[in-house]
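Open the model in your viewer and keep the selection tool at hand. This tour goes from one selection to the next and says what is there at each stop.

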Amino acid sequence: MTTLTLLAADGEFQAPGPEIFDFPPLYSGAPVWLTKPVILAVIGALIICVLAWTAFAKPKLVPRGIQNIGEYGYTFVRDQCARPFLGKDAERWMPLLLSLFLLILLWNFFGVIPVLQIPVNSHIAYPIIFAVTIYVIKIYLGIKHQGGIGYFKNMMFPPGLPKPVYVLMAPLELISNLVLAPFTHAVRLFANMFAGHLILAFFASVGFHFLFEQLTPLGAPLGLVGVVMTTIMTGFEIFIQFLQAFLFTMLAAMYIGGSLHADH
Amino acid sequence: MTQAAVVLAAETNNPLIPHVYELVVGGFAFLLVFIVVGKILTPRIQKTLAERTEAIEGGIQKAENAQAEAQAVLQQYRDQLNEARQEAARLREEAREQGAQIKAELREEAQAEARRIVEAAHAQIEADKAQALAQLRSEIGRLSTDLAGRIVGESLEDDARQRRVVDRFLEELEGSGTAVR
């Protein structure tokens with residue numbers, strides 16, 4: 001912190017903060033909602049549709065070209081997310097899970113694509129949409145398959161525990177399932193993208209500031225470190241972006257599976 | 001620095017509060033992807049994958065069937081070959097037996113024929129002999145009466161004449177004997 005302050009005092013370096021997530025309307029006079037993340041969200045959804053259409057519109061028995069990639073994505077979601085939690089119901093929920101995974105993945109990847117460089121999911125509105133959708137489905141399926149009372153009973157009183165434990169257990173389970181689960185579901189994705197983008201922006205601005213804006217013998221090595229770290233962290237971010245998309249989809253499958261069958 | 005940060009923080013939106021317009025855009029974007037990718041395209045790829053599994057399983061089944069069929073045909077050919085060999089051996093054996101039988105039969109027949117011929121010859125000889133005897137007997141009787149008549153007719157005048165008569169008779173007898181034979 002002291003060095004940072006020192007450096008800031010020296011060369012007026014300003015570390016990027018949450019303000020880098022605020023985007024003005026695209027041009028002056030544009031409606032307030034027409035911002036870069038909104039445009040990227042729409043473009044991302046369209047790209048997914050177009051890619052999926054080229055891959056799956058007329059699927060061949062012997063796959064060629066992009067169908068191979070599409071099938072790879074499909075089998076990945078099916079075997080890694082759907083089947084472990086949904087078993088024989090996996091195929092039925094694949095439309096939702098595949099859409100979820102592909103859209104989140106591309107929106108995350110926008111964070112490392114040059115020029116675009118903002119993960120759409122670093123704006124919490126988008127993770128909220130996904131999490132709320134899954135939450136509604138989860139509650140609906142739970143009540144439908146386990147009954148109104150049965151669902152909450154199974155949720156709050158998992159069998160096989162000594163009776164006094166339930167005094168503590170029941171309210172915790174209720175809060176955990178109904179409040180914390182959807183909250184963490186959305187925030188985990190959002191926070192990872194938010195923090196990742198902040199870290200990349202920080203190292204990138206260090207490099208830019210000390211190598212271009214304020215090139216000094218003392219600052220240059222620091223600028224170099226910034227560039228190297230930006231490169232390394234970009235690679236790491238790609239991994240995190242994939243991991244979070246995968247994790248979000250997996251949790252969605254887990255919540256749906258938990259509502260379909262009480263024993264979990 | 002801290003003041004600037006505070007000012008900046010005050011200016012920026014709270015990142016945990018979503019923009020309403022982004023909720024709307026995100027909702028529609030997700031809905032679009034869900035309809036196109038989930039509702040339209042996923043069933044297609046599921047169908048294709050199922051068909052592929054079926055095709056592969058069918059192909060394996062077909063290959064197994066073909067192999068089994070080939071095995072069956074091979075077995076059949078082997079059986080037929082074996083059968084043919086056995087048949088050939090049997091035929092050879094039969095031919096040999098038949099040959100031997102024919103030979104034996106022919107021999108027997110030939111022997112029977114020879115025997116028959118010999119018997120026929122014997123019978124013929126016997127018949128000839130009997131006939132000759134019968135003829136001879138009647139001849140002798142006739143000759144005897146002849147001779148006796150002649151002797152009586154000549155009245156047996158003298159010995160010389162008698163002797164001539166007997167000699168003449170015997171000469172005649174010899175001459176008729178050659179004529180009879």
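Begin with helix H3 of chain A, where the buried residues are A:Gln67, A:Gly70, A:Tyr74, A:Val77, A:Arg78, A:Cys81, A:Ala82, A:Phe85 and A:Leu86; a residue is called buried if 20 or more other C-beta atoms, placed from the backbone, lie within 10 Å of its own. An α-helix has 3.6 residues a turn, so residues three or four places apart point the same way.

Before moving on, note that this is a predicted model, in which local features need pLDDT of at least 70 and side-chain atom pairs count only at pLDDT 80 or more, while totals for chains, interfaces and linings use all residues. Residues are numbered from 1 along each chain as its sequence is written, and chains are lettered from A, and ligands numbered from 1, in the order in which they are written.

Just after H3(A), select A:Gly87, which takes a positive phi of about 60°.

Next, show the whole of chain A, which has eight helices and zero strands, where helices (H or I, at least four residues) and strands (E, at least two) are DSSP runs numbered from the N terminus. Along its principal axes the C-alpha trace of chain A spans about 70 × 55 × 40 Å, and buried residues make up 35% of its 264 residues.

Go on to H5 (residues 125-146) and H6 (residues 148-156) of chain A, which pack at an angle of about 110° with their axes 6 Å apart. These two helices, H5(A) and H6(A), are therefore roughly perpendicular to each other, a term that covers angles of 65 to 115 degrees. To see where they meet, select A:Gly142, A:Ile143 and A:Gln146 in H5(A) together with A:Gly148, A:Gly150, A:Tyr151 and A:Asn154 in H6(A); contact requires C-beta atoms, placed from the backbone, within 7 Å.

Finally, turn to chain B and select residues 20-42, which an unreviewed UniProt entry lists as "transmembrane region". In the model this stretch is 100% helix and 0% strand, with its end C-alpha atoms 30 Å apart.

How values were computed:
Buried ≥ 20, exposed ≤ 12 C-beta atoms within 10 Å, placed from the backbone. UniProt positions renumbered as here; feature names shortened; annotations may be inferred. Axes fitted to C-alpha atoms, helices over the stretch in contact; angles between N-to-C directions. Parallel < 35°, antiparallel > 145°, perpendicular 65-115°, else oblique. Contact = placed C-beta atoms within 7 Å.
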